[in-house]
Amino acid sequence: MASVLANVPVKAEWAPQAVVDGVYTGIQHIHGYKATPQLIWNVARGSLTSCGRIYGSLYCKLNHTVYITSQDIQMAYHFGDAALAYIVAHEYAHAMQTAYGFQPRITPISELQADCLAGVYLGLIPNITLDERDTLEIASLAYHIGDYDWGSRHHHGTPEQRVKAVVSK
């Protein structure tokens with residue numbers, strides 16, 4: 001699977017701000033504008049927040065804020081603009097897991113659940129249609145960020161699990 005995903009030529013159709021705004025607004029619409037977290041994007045790596053220093057995009061439950069780092073935006077665009085949509089949707093999913101009480105702590109299962117919710121969100125956002133290329137961009141990033149670090153507290157799932165969670169029908 002990795003060789004298929006890695007060979008997708010990148011073609012960004014949307015600028016980062018358009019992706020972030022479109023996805024964020026679309027997911028808010030899906031939730032009826034309830035429990036909407038604050039969004040801060042293009043955050044510098046190492047910035048200090050209520051949840052400590054940020055070294056990657058995350059949802060901070062202490063201040064109900066989604067942070068999207070500039071480093072993750074750049075990484076996503078190596079795969080395409082839909083990959084950034086996936087990051088935004090994944091972090092928003094963590095906010096909803098917390099708001100609706102089904103994420104007591106971060107585990108590989110809660111991360112895969114956030115991937116699954118991200119895929120649902122991206123498929124339901126009004127006025128945004130993902131084509132096969134977009135799906136490949138998302139799958140490529142999901143595969144890239146998967147890992148086999150079973151004992152690590154940062155383990156989010158294997159590459160294969162992450163792809164299946166976000167793009168399975």
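## Contacts of Ala95

Ala95 touches Pro37, Tyr59 and His64, leaving aside residues up to four places away in sequence. Contact means heavy atoms within 4.5 Å. Ala95 sits in helix H4, residues 81-99. Helices (H or I, at least four residues) and strands (E, at least two) are DSSP runs, numbered from the N terminus. With 0% relative accessibility, Ala95 counts as buried. Buried means under 20% relative accessible area, exposed over 50%, and partly exposed in between, for a 1.4 Å probe and protein chains only. Ala95 and Cys60 are 35 residues apart in sequence, and their C-alpha atoms are 8.0 Å apart in space.

This is a predicted model: local features need pLDDT of at least 70, side-chain atom pairs count only at pLDDT 80 or more, and totals for chains, interfaces and linings use all residues. Residues are numbered from 1 along each chain as its sequence is written, and side-chain values use heavy atoms, with hydrogens and water left out.

## Aromatic pairs

The whole structure holds 3 aromatic pairs. In the pair of Tyr24 and Tyr92, the ring centres are 5.0 Å apart and the planes meet at 70°, so the pair is edge-to-face. Tyr24 lies in helix H2 and Tyr92 in helix H4, so this pair ties together parts 68 residues apart in sequence. Rings of Phe, Tyr and Trp (its six-membered ring) pair if their centres lie within 6.5 Å; planes under 30 degrees apart count as stacked, over 60 as edge-to-face and the rest as tilted.

Both Tyr24 and Tyr92 are buried. The rings of Tyr92 and Tyr121 have centres 6.2 Å apart and planes at 80°, so this pair is edge-to-face. Tyr121 belongs to helix H5 (residues 108-124) and Tyr92 to helix H4, so the pair ties together parts 29 residues apart in sequence. Tyr121 is buried, as is Tyr92. Ring pairs link Tyr24, Tyr92 and Tyr121 into a cluster.

## Positive phi in a loop

Most residues other than glycine have a negative phi. Tyr33 has a positive phi, near 60°. Tyr33 is in the loop between helix H2 (16-30) and strand E1 (38-43). Its relative accessible area is 49%, so Tyr33 is partly exposed.

Ala35 is found in the loop between H2 and E1. Ala35 is not a glycine, yet its phi is positive, about 60°. Ala35 is partly exposed, at 30% relative accessible area.

## The largest pocket

The largest pocket has a volume of about 1,000 Å³. Of its 29 lining residues, Ser57, Leu58, Glu91, Glu111 and His156 are the closest to its centre. On a 1 Å grid over the protein atoms alone, a pocket is an open set of points where a 1.4 Å probe fits, with protein on both sides within 12 Å along at least five of seven lines; lining residues have an atom within 4 Å of a point. Grid points are joined across faces, edges and corners, and a volume is the space filled by probe spheres set on the points.

H4 supplies the largest share of this lining, 6 residues. Strand E4 (58-60), helix H3 (70-77), H4 and helix H6 (132-145) each supply at least two. The lining has 12 nonpolar, 9 polar and 8 charged residues. Ala, Val, Leu, Ile, Met, Phe, Trp, Tyr, Cys and Pro count as nonpolar, Asp, Glu, Lys and Arg as charged, and the others, Gly among them, as polar.

## The second largest pocket

The second largest pocket has a volume of about 310 Å³. It is lined by 15 residues, with Gly119, Leu130, Thr135, Val166 and Val167 nearest its centre. H5 gives the largest share of this lining, 5 residues. The lining has 9 nonpolar, 5 polar and 1 charged residues.
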